[in-house]
Amino acid sequence: MISFASVVAFLISAAAGQPQLQVYPQSGLRDAPYQKHVFEKVAKSFQVPRSMPDIGKKAVVQAIVDRQGQLLSTSVSYSSQHKAWDAAALRAVKKAAPFMKLPPSFQGTTLEIHFHFSVER
């Protein structure tokens, strides 16, 4: 689990609840500007589908990014059980790529990031 400082929340108004995005990068990434960059790109790319899952449901998109910021893979690792929501979450991550190059302070060759797209009150 990463620290509170590593988690960013983004809310958009919606009738049934509020979509929320939380970004959890691999624990070795401590670069706040990089985390903010990734969060903002994905948040801007997310388009709320016409219907949303029930409050409390979430989709988790797992992404692997290389040192150049290229998206190597994405998958829905946890489904909200709402196909349109899962598809919108996956599409947002793919559309947001490429990201900035990984910061020199990060030692890995790739970075794993989990994007949690949920609906909250």
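Predicted model: local features only at pLDDT ≥ 70, side-chain atom pairs only at ≥ 80, totals over all residues.

1. With ring centres required to lie within 6.5 Å, the count comes to two aromatic pairs.

2. In the pair formed by F46 and W85, the ring centres are 5.3 Å apart and the planes stand at 75 degrees, so the arrangement is edge-to-face, given that angles over 60 degrees are assigned to that class. F46 sits in the loop between α1 (32-45) and β3 (58-66), whereas W85 belongs to helix α2 (residues 83-96), so this pair ties together parts that are 39 residues apart in sequence. F46 is buried, with a relative accessible area of 10%, and W85 is likewise buried, with a value of 0%.

3. The pair of F46 and F117 has its ring centres 5.0 Å apart and its planes at 40 degrees, so it is tilted. This pair also links distant parts of the chain, since F117 lies in strand β5 (residues 110-120), 71 residues apart from F46 in the loop between α1 and β3. Both F46 and F117 are buried.

4. Taken together, the ring pairs link F46, W85 and F117 into a cluster.

5. Leaving aside residues up to four places away in sequence, L90 touches V61, T74, S75 and V76. The C-alpha atoms of L90 and F115 are separated by 9.2 Å, with the two residues 25 residues apart along the chain.

Technical notes
Residues numbered from 1 in each chain as written. Heavy atoms only, no water. Phe/Tyr/Trp six-rings, centres within 6.5 Å; stacked < 30°, edge-to-face > 60°. Helix = DSSP H or I, 4+ residues; strand = E, 2+ residues; numbered from the N terminus. Buried < 20%, exposed > 50% of the residue type's maximum accessible area, 1.4 Å probe, protein only. Contact = heavy atoms within 4.5 Å.
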